[in-house]
Amino acid sequence: MSNKKAKNISLIALFSAIIVICSLITIPSGVPFTLQTFAIFLCLNLLGAEKGIFSILIYILLGVVGLPVFSGFNSGIGVLFNVTGGYIIGFIFSALTYWLITSIFNKKTRKIINLIASFAGLLVCYIFGTLWYFLLFINNGDKISFVSALTVCVLPFTIPDILKILLSITVSEKIKKYI
C-alpha cells in the first residue's frame with residue numbers, strides 16, 4: 001500500500017472517530033445541541049468531499065451495526081427510522097451537495113466556496129431531516145403542519161449550526177497545512 005493511500009485511510013478513520021466523539025458531546029440548553037454538525041463540516045472542509053463522505057458513511061455504518069455512536073449513545077438501524085434519522089441520513093446528502101458545489105468552482109476562491117457549500121449542505125440536511133420528521137408524524141396519523149415541523153426541527157438549531165460551520169471553516173483553515 002502506498003504512503004498516500006495509507007494516509008487517506010488513516011484520515012478517513014480519524015474523522016469518523018471525530019464525528020463519533022462530537023456526536024456524543026452534548027451542550028445543554030433548552031434544546032440540547034451536539035457538536036455533530038461541527039464535525040461533519042470540519043471533515044468536509046479538511047478532507048474534501050471525496051474522502052469526507054467516506055468518513056460520514058463509516059460513522060453511520062458504525063451506528064447501524066450497533067455501536068452507540070449516535071447522539072445520546074444511541075445505535076442501531078432503528079435510530080435511522082426515528083425522528084432524527086432523517087438528519088443522520090441527511091449528512092450524506094450534505095456531503096454530496098458540498099462535493100457538487102466545491103467541484104464546480106475555482107480553487108482560487110476556495111474559502112468562500114467552502115462557506116457556500118457548507119451552508120448549502122446544511123440547508124439540504126435541514127430539508128431532508130425535516131421532511132423525514134414530518135412524514136413520520138403524518139404516517140403515524142398525527143396532525144402536524146410543515147411549519148410546525150420547521151419550528152421544532154430547524155429554528156432552534158439554525159444559529160448554533162451557523163456558528164458551528166463558521167468554527168469548522170476557521171479550524172480547518174488553521175490545521176489544513178498539517179494534513
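This is a predicted model: local features need pLDDT of at least 70, side-chain atom pairs count only at pLDDT 80 or more; totals for chains, interfaces and linings use all residues.
Good morning. I begin with a pair of helices: the axes of α2 and α6 cross at roughly 140 degrees and come within 11 Å. With that angle, α2 and α6 are therefore oblique to each other, since only angles over 145 degrees count as roughly antiparallel. The crossing of α2 past α6 is right-handed. On the α2 side, Thr37, Phe41 and Asn45 take part, and they meet Asn114, Ser118, Gly121 and Leu122 of α6. Sorted by class, this contact holds two nonpolar residues, five polar residues and no charged ones.

Let me now turn to helix α2 itself. How many of the residues of α2 are buried? Twelve of its twelve residues are, and the helix is thus described as mostly covered. Among them are Phe38, Ala39, Ile40, Cys43 and Leu44. The elements that cover these buried residues include α1 (3–24), β2 (33–34), α3 (49–64), α5 (85–104), α6 (110–139) and α8 (158–175).

Gln36 is found in α2, and Gln36 counts as buried because its relative accessible area is 11%, where the cut-off for buried is under 20%. Setting aside residues up to four places away in sequence, Gln36 touches Cys22, Ser23, Tyr59 and Phe91. At the other end, α2 is followed by Gly48, whose phi is positive, near 85 degrees.

Helices α2 and α8 pack at an angle of about 35 degrees, and their axes are 8 Å apart. Here, too, α2 passes its partner α8 in a right-handed crossing. The residues of α2 in this contact are Thr37, Phe38, Phe41, Leu42, Asn45 and Leu46, and those they meet in α8 include Asp161, Lys164, Ile165 and Leu167. The contact of α2 with α8 divides into nine nonpolar, four polar and two charged residues.

Helices α3 and α5 pack with their axes 9 Å apart, at an angle of about 175 degrees. That angle makes α3 roughly antiparallel to α5. The contact is made by Ala49, Glu50, Ile53, Ile56, Leu57 and Ile60 from α3, together with residues of α5 including Ile88, Phe91, Ile92 and Trp99. In this contact of α3 with α5, twelve residues are nonpolar, none is polar and one is charged.

Finally, I come to the loop between α3 and α4 (77–80), where Phe73 lies. Most residues other than glycine have a negative phi. Phe73, however, has a positive phi of about 60 degrees although it is not a glycine. Is Phe73 buried or exposed? Phe73 is exposed, with a relative accessible area of 56%.

Ser71 lies in the loop between α3 and α4 as well, and at 32% relative accessibility Ser71 counts as partly exposed. Which residues does Ser71 contact, leaving aside its neighbours within four places in sequence? They are Ser23 and Thr34. Ser71 and Ser23 are 48 residues apart along the chain, while their C-alpha atoms are separated by 5.1 Å. Thank you for your attention.

Conventions: Residues are numbered from 1 along each chain as its sequence is written. Side-chain values use heavy atoms; hydrogens and water are left out. Buried means under 20% relative accessible area, exposed over 50%, partly exposed in between (1.4 Å probe, protein chains only). Helices (H or I, at least four residues) and strands (E, at least two) are DSSP runs, numbered from the N terminus. Contact means heavy atoms within 4.5 Å. Axes are lines fitted to C-alpha atoms, for helices over the stretch in contact, and angles run from 0 to 180 degrees between N-to-C directions. Angles under 35 degrees count as roughly parallel, over 145 as roughly antiparallel, 65 to 115 as roughly perpendicular and the rest as oblique. Ala, Val, Leu, Ile, Met, Phe, Trp, Tyr, Cys and Pro count as nonpolar, Asp, Glu, Lys and Arg as charged, and the others, Gly among them, as polar. A crossing is left-handed if the near helix is turned anticlockwise from the far one by less than a right angle, and right-handed if clockwise.
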